[in-house]
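Good morning, everyone. Please take a look at the sequence and the model on the screen, and I will walk you through a few places in it.

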Amino acid sequence: MNLRERLSDAPIIVVAFVMAILFGGINLLLNVAIGLTRLNWAAVISAVIGGLVFGSLMSLLIRFQRRRSGGVATARLVSVAIKEGKLPETASAEEWGPLLNRRRRQAKFYRWVGPVEFGLFALLGVYVLFADSARDLLWGLEIVLFVAAVIAYPIWANRQLAKIETLENQLSQRTATTT
């Protein structure tokens, strides 16, 4: 079980602290690496505060998403079904139809929003690369990372849509068989 899967089942307070530690720690390390700050107590305290704010906001968003998805257990079932390409035996059209429809809408949304968002970040990286020539390597890596995300998001979304369509076909076949 990877970190993402563990966090999807974890209590929201655990999610908040993990997000805070990851964001604060990565932010601090990057700022020290590119020379924006020196490693001192002020930088550590700033990273902790930023991490706590980020972790709190992200955990509120995740809590909202969990609630909209029918709770942790239901969201986990849907994710596993999409990943494996097979509906649970107890899946009914009344319950799973709206859940799969919601996931389909999300994938279609991210298919175009992901490339736009990360494309803008890549453009920002190009701007900063030329504006701050002392850190060429770091900004070059940032641009490569965001361009990779621009390419990966539509591929991921199309794969999700194909898997969701497979589940919807299974659901239709079950409904046709039981009627």
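**Starting from I82**

I82 is buried: its relative accessible area is 2%, and the cut-off for buried is under 20%. Keep in mind that this is a predicted model.

Where does I82 sit? It sits in helix α4. Which residues does I82 touch, leaving out those up to four places away in sequence? They are R103, Q160, K163, I164 and L167. Now compare N31. I82 and N31 are 51 residues apart in sequence. In space, their C-alpha atoms are 38 Å apart.

**α4 against α5**

Helix α4 covers residues 72-84, and helix α5 covers residues 93-131. The two pack at an angle of about 70°, and their axes are 11 Å apart. Angles of 65 to 115 degrees count as roughly perpendicular, so α4 is roughly perpendicular to α5. The crossing of α4 past α5 is right-handed.

Who makes the contact? From α4, we have T74, A75, L77, V78, S79, A81 and I82. From α5, we have W96, L99 and R103. By class, that contact has seven nonpolar residues, two polar and one charged.

**α2 against α3**

Here is another helix pair. Helix α2 is residues 12-33, and helix α3 is residues 41-68. Their axes come within 7 Å and cross at roughly 140°. That makes α2 oblique to α3. This crossing is right-handed. The contact of α2 with α3 divides into 15 nonpolar, five polar and two charged residues.

**Salt bridges**

How many salt bridges does a search of the whole structure find? It finds two.

Take R104 and E168. They form a salt bridge, with the closest N and O atoms 2.4 Å apart. R104 lies in helix α5, and E168 lies in helix α6, residues 136-178. The two parts are 64 residues apart in sequence, so this pair ties them together. Is R104 buried, exposed or partly exposed? R104 is partly exposed, because its relative accessible area is 24%.

Then there are K86 and E89. Their side chains meet in a salt bridge at 3.6 Å, N to O. E89 has a relative accessible area of 62%, so E89 is exposed.

**To recap**

I82 is buried in this predicted model. Its helix, α4, packs against α5 at about 70°. R104 of α5 pairs with E168 of α6. Thank you.

Key
Residues numbered from 1 in each chain as written. Predicted model: local features only at pLDDT ≥ 70, side-chain atom pairs only at ≥ 80, totals over all residues. Heavy atoms only, no water. Axes fitted to C-alpha atoms, helices over the stretch in contact; angles between N-to-C directions. Helix = DSSP H or I, 4+ residues; strand = E, 2+ residues; numbered from the N terminus. Parallel < 35°, antiparallel > 145°, perpendicular 65-115°, else oblique. Left-handed = near helix turned anticlockwise from the far one by under 90°. Contact = heavy atoms within 4.5 Å. Nonpolar A, V, L, I, M, F, W, Y, C, P; charged D, E, K, R; others polar. Salt bridge = Lys/Arg side-chain N within 4 Å of Asp/Glu carboxyl O. Buried < 20%, exposed > 50% of the residue type's maximum accessible area, 1.4 Å probe, protein only.
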